[in-house]
Amino acid sequence: MKRTPLHAAHRRAGAKMVEFAGWEMPVQYRGVISEHVAVRTRAGLFDVSHMGEIEVRGADALALCQKITANDISRIKLRQAQYNLLMNEQGGIVDDVIFYRLGPAQFLICVNASNTDKDFAWIRKYADGNVEIDNASSRYAQLALQGPLAEAILQPVTALPLGDIKPFFFAAAEVSAIRCLVARTGYTGEDGFELYCDADEGEKLWEALLESGRPKGLEPAGLGARDTLRLEKAYPLYGHELDDTTTPLEAGLDWVTKFAKGPFLGRDALLQQKNEGVKRKLVGLDLLEPGIARSEYPLFKEGKSIGRVTSGTKS
């Protein structure tokens, strides 16, 4: 299994380690519920260095990115981020990703860990003209500081005025003397920041943030709480709510799909589905009695199979 640059720090903290997408990752430290509540009420710190980073640059970088995605990347300003979908020709979702516009013709794409190699090959498949594509994942460590106290915890260790960074914008700055990309993004439903730095500096940044946040109740948090937090907010997870056979219209991601931007992979298939109406739809489930509708449980109505649970846990 692969290990992130923070593996030793997780071991020292007594994390329970599990396999996830080919990585040995911390699923919990003190416990999923404790870590979930910490993020909702104070703050939690996640190691998300297993996520992939793909860099696309060159005169034709924007044209390539527009062709393979559903959202309109031309609308992203410099130092702005955007939630987006990599698409296939059938209108299915190759991955859900975050684009960061580093320059007029330079983008950093954060992709899901399990899809890094697939996404890199997919982007290269459609590249032409003056464009360079680099799988830079091994060069980065990525930490997510999430929760209502995230700004108060991060501000003492950086001169960057965090209050000036709006959601889904970012800046380059030093955090505890470590050069970082500081983005006001995250996948928990809380305010917070994702920090990208050189892989060699990841553990030092982790320890500095924990030290700064400890008086305010910051806790390290694992994949377990990350999953319950995103599900409580109804954020989709690739491989559960999203896959190559699911369209944005079926997944409730119409708002990400910008038909007016012009041609992109799957656009014709999506327009046809939009005109005909979707035959299946991702919805939320209410349990009328105590219990947990776990992932992949079948759904029945009057004895007839009508679908399956994509993700489930207790609230």
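Author: One term before we start: contact here means heavy atoms within 4.5 Å. Also, this is a predicted model.

Reader: Fine. Which residues is Val56 in contact with, leaving aside neighbours within four places in sequence?

Author: Val56 is in contact with Ala61, Leu64, Cys65, Ala105, Gln106, Phe107, Ile109, Ile123, Val131, Glu132 and Ile133, once neighbours within four places in sequence are left aside.

Reader: Which residues have the most contacts inside the largest nonpolar core?

Author: Val56 and Tyr100 do, in a core of 56 residues. Strand β6, residues 93-103, supplies the largest share of this core, with 6 residues.

Reader: What does the second core include?

Author: That one is separate and has 32 residues, among them Ala9, Val182, Leu195 and Cys197. As a general point, nonpolar side chains in soluble globular proteins tend to be buried together.

Reader: Switching to Thr188. Where is it found?

Author: Thr188 is in the loop between β11 (178-183) and β12 (192-198).

Reader: Is Thr188 buried or exposed?

Author: Thr188 counts as buried because its relative accessibility is 0%, and the cut-off for buried is under 20%.

Reader: What does its side chain pair with?

Author: The side chain of Thr188 makes a polar contact of 2.8 Å with that of Gln146. Beyond four places in sequence, the residues in contact with Thr188 are Val39, Arg40, Phe46, Gln146, Leu229, Lys233 and Tyr235.

Reader: Take Val39, then. Which helix does Val39 lie in?

Author: Val39 lies in helix α2, residues 32-41. It is buried, at 0% relative accessible area. Not counting residues up to four places away, Val39 touches Gly44, Phe46, Gln146, Gly147, Pro148, Thr188, Glu190 and Leu229. Its C-alpha atom is separated by 8.7 Å from that of Ala225, 186 residues apart along the chain.

Reader: Next, charges. How many salt bridges does the count come to?

Author: The count comes to 20 salt bridges. In one of them, the side chains of Glu24 and Arg11 meet at 2.6 Å, N to O. Glu24 is in strand β2 (residues 23-28) and Arg11 in helix α1 (residues 7-12), so this pair ties together parts 13 residues apart in sequence.

Reader: Which is buried and which is partly exposed in that pair?

Author: Glu24 is buried, at 10% relative accessible area, and Arg11 is partly exposed, at 44%.

Reader: And what does Glu232 form with Arg40?

Author: A salt bridge, with the closest N and O atoms 2.7 Å apart. Glu232 is in helix α7 (residues 223-232) and Arg40 in helix α2, so the parts tied together are 192 residues apart in sequence. Both ends are partly exposed: Glu232 at 40% and Arg40 at 23%.

Reader: Which residues are linked in a network of salt bridges?

Author: Glu55, Arg57, Glu132, Asp134 and Arg139. Arg57 is partly exposed at 25%, whereas Glu55 is buried at 8%.

Reader: Last topic, the surface. Which residues form a nonpolar patch there?

Author: Val283, Leu285 and Leu287 form one, with about 280 Å² of accessible area together. Val283 is in the loop between α8 (267-276) and β14 (298-301). It counts as exposed because its relative accessible area is 57%, and exposed means over 50%.

Notes. Residues numbered from 1 in each chain as written. Predicted model: local features only at pLDDT ≥ 70, side-chain atom pairs only at ≥ 80, totals over all residues. Heavy atoms only, no water. Core = buried A, V, L, I, M, F, W, Y, C linked by side-chain atoms within 4.5 Å. Buried < 20%, exposed > 50% of the residue type's maximum accessible area, 1.4 Å probe, protein only. Helix = DSSP H or I, 4+ residues; strand = E, 2+ residues; numbered from the N terminus. Polar contact = N/O pair within 3.5 Å; in protein donor to acceptor, adjacent residues only side chain to side chain. Patch = residues over 30% accessible without salt bridge, like charges linked within 9 Å, V, L, I, M, F, W, Y side chains within 5 Å. Areas by Shrake-Rupley, 256 points an atom, 1.4 Å probe, with all protein chains shown as cover. Salt bridge = Lys/Arg side-chain N within 4 Å of Asp/Glu carboxyl O.
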